[in-house]
Each structure stands twice: as structure tokens, then as C-alpha cells.
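Please open the model in your viewer and keep the selection tool at hand. The stops below are to be visited in order.

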Amino acid sequence: KELFKPLKNMISLELSNNSIYNLINFFETIEPIKSNLRELKLDGNSIRTLVQFSNFSNLELLDLSNNKIKKIDRETFKGLKRLKYLFKKVFFKIYIF
């Protein structure tokens, strides 16, 4: 969390191929920059469950391709009113909880 405090004006974050698997911990870490982000690229990680993208009010591009997503929370994309581009791979056996 402290790492991103000085970067609160960051608008694009590229974290592809970084072995990210837990979005809850990841979201806590980037809390200081979430509301300003316009682009978030998380392709090629190990994300299995999508949780709500809360406080990403300016997010326009979200890349979740090449992950291992099996579960999607019903509220996942609820707050992403500015989202224009969502990149994802076609998944089979996705469970919405």
C-alpha cells in the first residue's frame, strides 16, 4: 500500500505475467491509485476468482486475458461505469456466485 502512495496520479498500470492470483490482496496494495486508474492490464497472471472492482471509478480498459478464471462474483463489474474495453479469454465452466 505504501509503495503506491506517491503514485496516486498514475493512470495506467501494467502488471502482466506477475503471478498475481489473489485480487483482494492486490486491490488492497494498489488502494491509493485505484480511483485514478484508466488502464489496468493483468493478463497472463494466475487469477482464478474475480471479485468486485470497487473504487475503480475511472477505469476504461481492463485486460484479464490469459488467466485461470473459474469464478466471477455477481458484483464484479458493477462499479465500472466508464469501462470501454474488457479483454478476456473465452472461459468454460465459469461459476457465478
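This is a predicted model: local features need pLDDT of at least 70, side-chain atom pairs count only at pLDDT 80 or more; totals for chains, interfaces and linings use all residues.

Residues are numbered from 1 along each chain as its sequence is written, and side-chain values use heavy atoms, with hydrogens and water left out.

**Salt bridges**

A salt bridge is taken as a side-chain nitrogen of Lys or Arg within 4 Å of a carboxyl oxygen of Asp or Glu. The count by this rule is 3 salt bridges.

Select Glu-2 and Lys-5, whose side chains form a salt bridge with an N to O distance of 3.4 Å. Buried denotes under 20% relative accessible area, exposed over 50%, and partly exposed in between (1.4 Å probe, protein chains only). Glu-2 is exposed at 57% relative accessibility, and Lys-5 is partly exposed at 47%.

Next, select Glu-31 and Lys-34, which are joined by a salt bridge with the closest N and O atoms 3.2 Å apart. Lys-34 counts as buried because its relative accessible area is 4%; Glu-31 is partly exposed at 32%.

Then move to Glu-75 and Lys-78, where the salt bridge spans 3.3 Å from N to O. Lys-78 is exposed, with 56% relative accessibility, and Glu-75 is partly exposed, with 31%.

**Asn-45**

Select Asn-45, in the loop between β2 (39-41) and β3 (49-50). Strands here are DSSP runs of E with at least two residues, numbered from the N terminus. Another is the backbone oxygen of Leu-42, which the side chain of Asn-45 reaches at 2.8 Å. Asn-45 is buried, since its relative accessibility is 3%.

**The positive patch**

Finally, select Arg-48, Lys-68, Lys-70 and Lys-71, which form a positive surface patch. Such a patch consists of residues with over 30% relative accessible area and no salt bridge, like charges being joined within 9 Å. Lys and Arg count as positive, and the place of a charge is NZ of Lys or CZ of Arg. Within this group, Lys-71 lies in strand β5 (residues 71-72). Lys-71 is partly exposed, with a relative accessible area of 41%.

Methods. Patches are made of residues with over 30% relative accessible area and no salt bridge: like charges are joined within 9 Å, nonpolar side chains (Val, Leu, Ile, Met, Phe, Trp, Tyr) within 5 Å. Accessible areas come from the Shrake-Rupley method with a 1.4 Å probe; for residues, only the protein chains shown count as cover. Helices (H or I, at least four residues) and strands (E, at least two) are DSSP runs, numbered from the N terminus. A polar contact is a pair of N or O atoms within 3.5 Å; within protein, one must be able to donate a hydrogen and the other to accept it, and residues adjacent in sequence count only if both atoms are side-chain atoms.
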